[in-house]
Amino acid sequence: MNAPLPLFHPARIAATFFWVGHAPKAPGTWGSLAAIPFAWLMLSFGGWQLLAIAAVVATLIGFWASGLYSRALGWKDPGEVVIDEVAGQWIALLPAALDPVSFAVGFAAFRVLDITKPFPAGWADSNLDGAAGIMIDDLFAGIYAALVVLAYQHFF
C-alpha cells in the first residue's frame, strides 16, 4: 500500500466529499446521505438545472480526485472515495422536485442500485480501471434511480 494523500490535499477532500468517506461504517451510504441536503438547496435555489450542473461538476471533479486518490493508495476502489456516490445521488434526485418522499425514494433506489449494480453498472465496476471504474457504475445507478423516482411520481 502506498501513502495516502495528506488530509488537506484537494483531491482527498473532494474524493471523500469533505472527509465524509472516512466514516467507519458504510461510507457510501454516508456519502449519499451527505449529498441530500445539498441537492435540496440546489433544487430550492436553482431548480433541476442547478442540480444537473452540480452533478456534472461533481462527476468531473470525481474523475480527477478519485483517480489521484486511488493511485496514491494503490487501490482499485478505496471505500472512502464517495464523490461517486455524491454525483450519482444528485443524478438520482434530478426529477425529485422538493418532495421529501421523492427524495427518500431517490435515496433508497440509488443505494439499492449502487449496491446491486445492474448492467452495465456491474460491468463498468468490474472491467474499468482507475477513476472510470470508480465513477461510471455510480453514474449508471444514478440514472436508473432517477427513472425509479420518475416512475414513483407517475404512479403515486
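This is a predicted model: local features need pLDDT of at least 70, side-chain atom pairs count only at pLDDT 80 or more; totals for chains, interfaces and linings use all residues.
1. You can check the length of α6 yourself. It has 26 residues, and at 1.5 Å a residue they should span 38 Å. The C-alpha atoms at its ends are 39 Å apart, which agrees.

2. Now look at how α6 sits against one of its neighbours. Two packed helices are described by the angle between their axes and the distance between the axes. Here, the axes of α3 (residues 83–92) and α6 (residues 130–155) come within 7 Å and cross at roughly 25 degrees. Angles under 35 degrees count as roughly parallel, and α3 and α6 are therefore roughly parallel to each other. Their crossing is right-handed.

3. Which residues make that contact? From α3 come I83, D84, E85, A87, G88, I91 and A92, and from α6 come I134, M135, D138, L139, G142, I143, A145, A146 and V149. Sorted by type, the contact residues are eleven nonpolar, two polar and three charged.

4. Next, find F107 in helix α4. Is F107 buried or exposed? Buried means under 20% relative accessible area, so F107 counts as buried at 19%. Leaving out residues up to four places away in sequence, F107 touches T29, S32, L33, I36, Q89 and L93.

5. With a relative accessible area of 3%, L73 is buried. L73 and N2 are 71 residues apart along the chain, yet 4.7 Å separates their C-alpha atoms.

6. Most residues other than glycine have a negative phi, and most peptide bonds are trans. F17 is not a glycine, but it has a positive phi of about 50 degrees. You'll find F17 in the loop between α1 (10–15) and α2, and it is buried, with a relative accessible area of 8%. A97, also not a glycine, has a positive phi of about 55 degrees. A97 belongs to the loop between α3 and α4 and counts as partly exposed at 42% relative accessibility.

7. One more for the list: the peptide bond from F119 to P120 is cis, with omega near 5 degrees. Look for P120 in the loop between α4 and α5.

Methods
Residues are numbered from 1 along each chain as its sequence is written. Side-chain values use heavy atoms; hydrogens and water are left out. Axes are lines fitted to C-alpha atoms, for helices over the stretch in contact, and angles run from 0 to 180 degrees between N-to-C directions. Helices (H or I, at least four residues) and strands (E, at least two) are DSSP runs, numbered from the N terminus. Angles under 35 degrees count as roughly parallel, over 145 as roughly antiparallel, 65 to 115 as roughly perpendicular and the rest as oblique. A crossing is left-handed if the near helix is turned anticlockwise from the far one by less than a right angle, and right-handed if clockwise. Contact means heavy atoms within 4.5 Å. Ala, Val, Leu, Ile, Met, Phe, Trp, Tyr, Cys and Pro count as nonpolar, Asp, Glu, Lys and Arg as charged, and the others, Gly among them, as polar. The expected span of a helix is 1.5 Å times one less than its number of residues. Buried means under 20% relative accessible area, exposed over 50%, partly exposed in between (1.4 Å probe, protein chains only).
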